[in-house]
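Student: I am new to this structure. Please pick one part and take me through it closely.

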Amino acid sequence: MDHGAIAALLVPTPTRALVERLLGVLGPHNRREEEAGGAYDEADEALGPVAGAVLVEALRAFPEPPLKPWNDGPQVLKHIDENLELSRRQWA
């Protein structure tokens, strides 16, 4: 859910308000992934060092995706609000 909210916030032209909303999601999200015992530690443990190294190399070899222009269409802000609410609800 967090990744959906983060992705949605990257669609429109950046504004100070959007960046603040993005940081509001990234702070708690990064703690859940990066702190001791978080998702990254769990993934490292589940994969083991050899499979982890293979995965990292595969990701590094993956081509850069093409970027699309900002989309400031009328549904974008509604989509952001919906995704932020889903993200909030999962941790409530």
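Tutor: What follows is a close look at helix H1 and its contacts with H2 and H4. Keep in mind that the model is predicted.

Start with the pair H1 and H2. H1 covers residues 2-9, and H2 covers residues 16-34. Their axes come within 10 Å and cross at roughly 150°. Angles over 145 degrees count as roughly antiparallel, so H1 and H2 are roughly antiparallel to each other. The crossing of H1 past H2 is left-handed. On the H1 side, Asp-2, His-3, Ile-6 and Leu-9 make the contact. On the H2 side, the residues are Leu-18, Arg-21, Leu-22, Val-25, Leu-26, His-29, Arg-32 and Glu-33. By type, the residues of this contact are six nonpolar, two polar and four charged.

Now look at H2 itself. Leu-18, Leu-22, Val-25, His-29 and Glu-33 are buried there. Their cover includes H1, helix H3 (39-61) and helix H4 (76-90). H2 has 19 residues, which at 1.5 Å a residue should span 27 Å; its end C-alpha atoms lie 26 Å apart, in agreement.

Turn to H1 and H4. Here the axes come within 8 Å and cross at roughly 155°. H1 is therefore roughly antiparallel to H4. H1 passes H4 in a left-handed crossing. H1 contributes Asp-2, Gly-4, Ala-5, Ala-8 and Leu-9 to the contact. H4 contributes His-79, Ile-80, Asn-83, Leu-84, Ser-87 and Gln-90. These residues divide into five nonpolar, five polar and one charged.

Methods: Residues numbered from 1 in each chain as written. Predicted model: local features only at pLDDT ≥ 70, side-chain atom pairs only at ≥ 80, totals over all residues. Heavy atoms only, no water. Axes fitted to C-alpha atoms, helices over the stretch in contact; angles between N-to-C directions. Helix = DSSP H or I, 4+ residues; strand = E, 2+ residues; numbered from the N terminus. Parallel < 35°, antiparallel > 145°, perpendicular 65-115°, else oblique. Left-handed = near helix turned anticlockwise from the far one by under 90°. Contact = heavy atoms within 4.5 Å. Nonpolar A, V, L, I, M, F, W, Y, C, P; charged D, E, K, R; others polar. Expected span 1.5 Å × (residues − 1). Buried < 20%, exposed > 50% of the residue type's maximum accessible area, 1.4 Å probe, protein only.
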